[in-house]
Structures are given as C-alpha cells and as structure tokens.
Amino acid sequence: AFNKPLVVTLHKTPIECDDTKTKTDPIYSYIKCLSQLEIIDIFIACSKVFKQELINVGVKDTKIELIYHGVPIEWYKGRADKQRIFNIREQLKLRPDDNLVICPSRLDEERKDLPVFVKAAGELNKKIRNKKFIFLITGKAKNEKEKRHKKELEAIASTYRIKNRLKFRSFKEDELPALNRLAKACVLPSR
C-alpha cells in the first residue's frame with residue numbers, strides 16, 4: 001500500500017519451550033493471520049527456536065530472516081570500570097592467574113545446550129593443563145526443573161573432573177559489562 005517493504009520483528013521469547021504455545025497463545029493466531037494475508041514481506045526471528053515457531057504457525061521459511069539480538073556499544077561504557085571488575089573478581093573468589101570462561105545463560109534445558117558447554121570446558125581443561133580455568137554459568141536455578149538440570153550439569157562436571165571449577169551465579173544487568181570484560185571467553189551454546 002505504501003510501496004515500502006513491511007518488516008515485522010517480534011521481541012517475544014516464551015518462558016519455556018512448549019510446542020503447544022503455537023496453538024494456544026493468541027499472538028500466534030495473529031501472526032498466522034498476517035502471514036496468510038501476505039501483507040508482510042519479512043518476519044525477523046531472533047533465534048532458531050523462534051524461527052521454527054513462526055514456521056509452525058504457517059509463516060513461509062522464505063519470509064523469515066534470522067537476526068540475533070545485539071547490544072549497543074554505548075551500553076558498555078562506564079559499566080566495566082576497574083572497581084566493578086575488582087568487585088566481581090572478589091565475588092567469584094578469583095585469583096590473578098584464573099582464566100574465567102563465562103556462559104551467560106539461564107538454566108534452560110530445552111533452548112540452551114549447557115551440557116555441551118560443560119563437556120567443552122572439561123576438554124579444554126584437559127588439553128590446556130598449564131592454565132587454570134574457571135567456568136561460570138550465569139543462570140540461577142529458579143524452579144525444580146532448573147535445579148534438576150543444574151545437578152545434571154554438576155554430574156557432567158564431575159565426570160570431566162572440573163566440578164570444583166564450575167560455578168553458577170547470577171548477576172545484575174549492570175554488572176554484565178564488567179563480567180564480560182573480566183572473562184577470557186564467552187560461550188553461548190543453544191539448540
């Protein structure tokens with residue numbers, strides 16, 4: 001109508017990965033209606049899981065573009081100063097020679113592939129013995145399902161002999177820039 005492409009981006013991530021959501025949540029009925037009217041040129045999905053949810057309600061794969069969320073660089077300015085880094089180092093009880101590898105993720109068994117992170121951590125620790133690594137998952141177990149998943153991850157860590165090097169701790173949003181700066185690596189496994 002306006003001779004311009006119509007692009008829709010949805011900032012929606014279901015709390016749990018649940019295939020029934022695409023059948024019961026009203027937003028999906030709306031999306032399905034819009035996709036069948038063929039007035040939208042492109043849907044933006046921020047994850048592979050959400051892309052699949054769009055396909056499940058009838059949006060054509062050719063009309064979906066996968067673009068992951070970004071973080072504006074301005075958000076980091078002033079939030080990763082030496083004092084904040086020192087505070088996080090103290091909270092985690094890190095020594096100067098510790099190499100922190102972070103996995104900023106909730107304990108979501110369906111969407112995040114945290115066992116891959118823990119196994120990779122074990123392999124890294126085995127292959128590079130002259131460095132001391134500390135592995136941090138920033139998620140906190142909030143319910144029984146997440147507590148069970150945390151125990152599974154700890155069992156994997158025990159198998160790889162890194163249980164004493166694997167930590168779980170959540171952080172406030174304004175602490176994340178300092179945490180990222182402190183880390184030697186950031187790993188984001190997902191399904």
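Trainee: Which residue in β2 is the bridge partner of Val-8?
Mentor: Phe-43 is the partner of Val-8. Remember that this is a predicted model: local features need pLDDT of at least 70, side-chain atom pairs count only at pLDDT 80 or more, and totals for chains, interfaces and linings use all residues. Residues are numbered from 1 along each chain as its sequence is written, and side-chain values use heavy atoms, without hydrogens and water.

Trainee: What makes β1 and β2 a pair?
Mentor: Two strands pair if DSSP finds at least two bridges between them. β1 and β2 have 3 bridges and run parallel, so they pair. Strands here are DSSP runs of E, at least two residues, and helices are runs of H or I, at least four, numbered from the N terminus.

Trainee: How do you know that β2 pairs with β3?
Mentor: Strand β2 (residues 42-45) is joined to β3 by 3 bridges, in the parallel sense. Phe-43 has Ile-64 as its bridge partner in β3.

Trainee: Why are β1 and β3 called edge strands?
Mentor: The open sheet runs in the order β1-β2-β3, with parallel pairing. β1 (7-9) and β3 (64-66) each pair on one side only. From one strand to the next, the twist averages 25 degrees.

Trainee: Why are α5 and α6 called roughly parallel?
Mentor: Helix α6 (residues 144-159) packs on α5 at an angle of about 20 degrees, with the axes 9 Å apart. Axes are lines fitted to C-alpha atoms over the stretch in contact, and angles run from 0 to 180 degrees between N-to-C directions. Angles under 35 degrees count as roughly parallel, over 145 as roughly antiparallel, 65 to 115 as roughly perpendicular and the rest as oblique. α5 and α6 are therefore roughly parallel.

Trainee: What makes up the lining of the second largest pocket?
Mentor: Among the residues that line the second largest pocket are Gly-122, Tyr-160 and Arg-165. Helix α5 (residues 114-127) gives the most, with 3 residues.

Trainee: How many residues of that lining are charged?
Mentor: The lining of the second largest pocket divides into 2 nonpolar, 3 polar and 5 charged residues. Asp, Glu, Lys and Arg count as charged, and Gly counts as polar.

Note on methods: 1 Å grid on protein atoms, 1.4 Å probe; cavity = no way out; pocket = protein on both sides within 12 Å on 5 of 7 lines; lining within 4 Å.
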